[in-house]
Amino acid sequence: MTKTFYIKTMGCQMNEYDSDFLAQSMIHHGLFPVDEPEDADLVLINTCIVRAKPEQKALSFLGRMSAFKKRKPGLILGLVGCLAQKDGASLLKRFPQLDLVMGPRELSSIQEVLGRIDSDRQRVVATRLEPGPPRPIHTLGYFEGRIKAHLSIMEGCNNFCSYCIVPHVRGREVSRSPDEILDEARALISEGVRDITLLGQNVNSYFREEGGRWTFSSLLREIGKLEGLWRLRFTTSHPKDLSDELIRRFGDISNLCPHLHLPFQAGSNRILKGMKRGYTRERYLELTAKLKEVRPDISITSDVMVGFPGESRADFELTLDLIRQVEFDSLFSFKYSDRKGTLAEKMPEKIDEPEKTARLNTLQHLQRQITFKKNRELEGKQVEVLVEGQSKKNKMLTGRTPSNKIVNFTSNNGKFGILVKVLIKDGLLNSLRGDALKNG
Ligand code: SAH
Ligand code: SF4
Ligand code: F3S
């Protein structure tokens with residue numbers, strides 16, 4: 001009998017959301033979560049393959065668990081997520097200890113599949129890419145004490161950026177029903193969640209005809225009205241689909257946080273074209289200028305990669321120049337990584353590894369200066385912090401600003417889940433430090 005479970009989550013917020021769904025489903029069926037995989041009867045590994053590195057990490061964790069299972073044959077070992085979708089049945093051959101391989105769109109049938117494995121030790125592969133049935137909501141107190149949660153509004157991607165594997169493993173775009181989304185949001189709020197991030201590979205293209213036309217902008221407006229929701233965020237936005245209407249929402253939905261993650265990927269039009277991104281650097285600069293006009297306090301974060309095939313020094317300089325112009329609050333930066341089956345994989349003029357590393361270092365050095373400067377600018381200012389808990393390192397309270405910056409602060413009130421005004425004393429590289437104002 002399977003009684004305890006452990007889920008290892010790698011990859012993006014969509015995977016975290018999927019793992020939360022899996023955990024709720026297990027608890028609903030009477031299983032208990034444990035903190036170490038070695039203590040579990042069921043181990044699920046939720047994987048990412050967006051670059052070579054996370055794929056290697058997933059395979060190495062799977063290798064470790066397969067070795068462990070030789071000593072504990074009763075263990076049920078499952079691989080789910082994007083690696084499961086990409087490699088399917090071949091994983092069962094490669095890893096004889098594996099019981100289950102399941103893609104993201106199959107997760108709604110996890111219990112039925114586990115039942116089959118439990119009763120007659122079948123090995124199961126489920127990697128259908130068509131949209132599955134809606135997932136039942138059974139939160140049952142799962143989010144109590146969590147304050148923040150993700151909520152998926154659409155899944156899949158139709159963009160096929162030339163470097164990207166995501167559309168190949170997550171399938172085509174499917175928007176969830178607005179009723180389902182609003183119900184889930186209400187359930188989260190009723191358990192004490194105050195900060196919700198709407199998720200999708202490309203949230204701007206949300207569309208649903210159901211009692212009228214629902215666009216992302218209209219959905220945002222409805223969710224923004226929910227009582228008890230203090231902070232609303234979303235990710236990821238694609239610059240080519242960021243409409244003026246959506247930009248205006250930052251000025252008129254009061255609980256929509258002044259933070260936008262808007263990946264730009266490259267600053268050279270030639271490279272953007274090769275990536276099939278569908279916008280120019282000029283358009284990107286125009287969008288960020290408009291956002292700052294509507295919400296001067298907006299924090300803009302982004303994704304960028306270096307060493308895309310054919311990227312010259314001059315192209316790279318254009319990326320640095322765009323970073324200097326926009327002054328991102330923070331930036332996720334990556335070395336281009338070949339993904340099998342994508343268009344970019346077949347492109348000539350690959351950039352060698354040492355050059356990619358050198359470019360990444362230059363870029364990260366520049367961004368560190370900008371982030372540090374922006375955080376220092378907040379010294380002496382008051383910010384509003386949603387308190388999430390206690391920092392492990394120094395016993396200070398910790399939380400985030402509406403712009404998503406981490407704040408560690410002293411306070412004589414140890415309460416979590418409340419909004420507190422904090423006076424910033426130090427702007428550090430990865431966080432802010434300050435003191436709560438009176439009654440905080
Ligand atoms: N849907 C999101 C991002 C998905 S992947 C979007 O469109 O922005 C997250 C980030 O990983 C991307 O923004 C990109 O910067 C990076 N990435 C994706 N494929 C990559 C590859 N082959 N090599 C390096 N980085 C990659
Ligand atoms: Fe990948 Fe592009 Fe889709 Fe983002 S928009 S998931 S980068 S194909
Ligand atoms: Fe990774 Fe899949 Fe997310 S490849 S980035 S876990 S959609």
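Which residues is Phe 234 in contact with, leaving aside its neighbours within four places in sequence? The first legend answers this, after two notes on the model.

This is a predicted model, in which local features need pLDDT of at least 70 and side-chain atom pairs count only at pLDDT 80 or more, while totals for chains, interfaces and linings use all residues. Residues are numbered from 1 along each chain as its sequence is written, chains are lettered from A and ligands numbered from 1 in the order in which they are written, and side-chain values use heavy atoms, with hydrogens and water left out.

**View 1. Surroundings of Phe 234 in the largest nonpolar core.** Leaving aside neighbours within four places in sequence, Phe 234 is in contact (heavy atoms within 4.5 Å) with Thr 197, Leu 198, Val 203, Phe 216, Leu 220, Leu 246, Phe 250, Leu 256 and Leu 260.

**View 2. The buried face of helix H5.** Helices (H or I, at least four residues) and strands (E, at least two) are DSSP runs, numbered from the N terminus. In H5 (residues 110–120), Ile 110, Val 113, Leu 114 and Ile 117 are buried, that is, under 20% relative accessible area with a 1.4 Å probe and protein chains only. Seen down the axis of H5, these buried residues fall within an arc of 100 degrees, so they line one face of the helix; the arc is that of the directions from the helix axis to the C-beta atoms. What covers them includes helix H1 (13–28) and strand S3 (42–47).

**View 3. Leu 44 in strand S3.** Leu 44 counts as buried, at 1% relative accessibility. Not counting residues up to four places away in sequence, Leu 44 touches Tyr 6, Ile 7, Lys 8, Leu 22, Met 26, Gly 78, Val 80, Leu 100 and Ile 110.

**View 4. The residues around ligand 3.** With a heavy atom within 4 Å as the cut-off, the residues around ligand 3 include Cys 12, Asn 15, Arg 170 and Gln 201. By class, this shell has five nonpolar, three polar and one charged residues.

Technical notes. Buried < 20%, exposed > 50% of the residue type's maximum accessible area, 1.4 Å probe, protein only. Core = buried A, V, L, I, M, F, W, Y, C linked by side-chain atoms within 4.5 Å. Nonpolar A, V, L, I, M, F, W, Y, C, P; charged D, E, K, R; others polar.
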